[in-house]
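Here is a friendly walk through a protein structure, taken one region at a time. Keep the viewer open and follow along.

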Amino acid sequence: MLIIDTKACTGCKLCEKNCPFSAMVVVNEKAQAKDNCTLCGACMNVCSVHAITIERTAASPEELAKFKGVFIWAELDEADGGERLVPKKVVLELLTEAKRLAGTLGEEIKVLLPTDGRPVDTDILFAHGADAIVRFENKLLWPYSTDAYTTVISAMVAAKKPSIFLLGATPNGRDLAPRVGARLKLGLTADCTMLEINADKQLVQTRPAFGGNIMASILTPFSRPQMATVRPNVFSVGVPDAARKGPIEDFAVTLQRGVVRTRILEVEKLVGQGGGIDTARIIVAGGHGLKSAASLAMLRELAAELGGTLAGSRAIVEAGWIPHTLQVGQSGITVSPDLYIAVGISGAVQHIVGMSGARTIIAINNDPEAPIFKVADVGIVGDAFEVVPALIREIREAKKKAA
């Protein structure tokens, strides 16, 4: 329920100007809500005198039944020098998982696609499982900003009433999801590793808890949509079906510059500082067993020979050997490369969570009881300072013979 304190309202028209659906109007210097109000909270957020509030109560089973469909936020990257936009890989992972969930529920999958008007590869979204796309364009929707995205995503979710809303647990996704949840008074489970539909058709959201020592399964029984973020690389990308097509519903959203309270002045890309391990096909990761930062030179050499990327455990990040952008694990980045070589990594649960999705795992450790060997496909018990140089020599010899 939208509540307007007419005594406090000054008739400033901020709510009217910033409502994404033009559902607010000021009459006789007092704000009023029209019938198309979705309770998205945009007006409440911009009201400088706090004259607008929203009261939400636990929905009845009849009210919950009105929410249908699985929604996914399509976070985008620039491509072709910024000429067009493409969905991040995690969006395709979520679509693959959503197909399974939606199939159990017998509901549709819709993708929320915010853009600034540049062309977007929508075919790939349909090919990976989207039944429909809800697209909304505004110049203020690029680059990502907390205020702009919270306003339009909250408005669309409130208006369309999905049963489930999924977002990638990227830096932007981790920023956006809790703000939408707070705006709409929804529950949110972050960093899920498993999603299931139970017998009551509720979303069971499973994530590691207490430092990864237990897996907690969480329900959202009294509000909709059920919101969850999922780490990139937790789910695999399914096989695309290029024949799949669907409708695109366009919305022209009202979004004023005054809503966006921040402005990006400059973007600096880190060169030579690492990064990109979330999409790497081959990763060579080091742990505290290497004893010194200088020892990482041989891992960089091995990674270069394999065409891979250097990474590491939390221990060497905290020691300052590598930047956080290269940390694999629960508090770092989840990876799923074709090949993961763990050197001097004991295999704490927090690290295993971040790399167990690798197709092939090779572990090198001088402790035969190291937990890392339990998840490794190939285990080498030995001194890393002997094993790694030997591997480099063997790879170079193989390359010479192949040439």
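Let us begin with a cysteine: at 41% relative accessibility, Cys12 counts as partly exposed, where buried means under 20% relative accessible area, exposed means over 50% and partly exposed lies in between, using a 1.4 Å probe and protein chains only. Before going further, note that this is a predicted model, in which local features need pLDDT of at least 70 and side-chain atom pairs count only at pLDDT 80 or more, while totals for chains, interfaces and linings use all residues. Residues are numbered from 1 along each chain as its sequence is written, and side-chain values use heavy atoms, with hydrogens and water left out.

A disulfide here is a pair of cysteine sulfur atoms within 2.5 Å. The structure holds zero disulfides. Cys9 is likewise in no disulfide, its nearest cysteine sulfur being that of Cys15, 6.3 Å away. With 11% relative accessibility, Cys9 counts as buried.

Next, look at a hairpin. Strand S6 (residues 76–79) and strand S7 (residues 84–87) run antiparallel and are joined by four bridges. Strands (E, at least two residues) and helices (H or I, at least four) are DSSP runs, numbered from the N terminus, and two strands pair if DSSP finds at least two bridges between them. Ala79 stands opposite Arg84 in S7. Four residues lie between the strands of this hairpin, where Asp80 takes a positive phi near 55°.

Now move on to a sheet. Three strands form an open sheet in the order S12-S13-S14, with antiparallel pairing. Its edge strands, S12 (194–197) and S14 (214–218), each pair on one side only. From one strand to the next, the twist averages 25°. Five bridges link S13 (residues 203–209) with S14, and Gln205 stands opposite Ile218 in S14. Helix H4 (residues 89–105) packs on the sheet and touches S12 and S13, its direction making about 15° with that of S12. Such angles run from 0 to 180 degrees between N-to-C directions, with axes fitted to C-alpha atoms, for helices over the stretch in contact; contact means heavy atoms within 4.5 Å.

Finally, turn to helix H8 (residues 296–306). Its buried residues are Leu296, Met298, Leu299, Leu302, Ala303 and Glu305. These pack against strands S17 (282–286), S18 (309–312) and S19 (339–343), and against helices H9 (314–318) and H11 (384–402). After H8 comes Gly307, with a positive phi near 75°.
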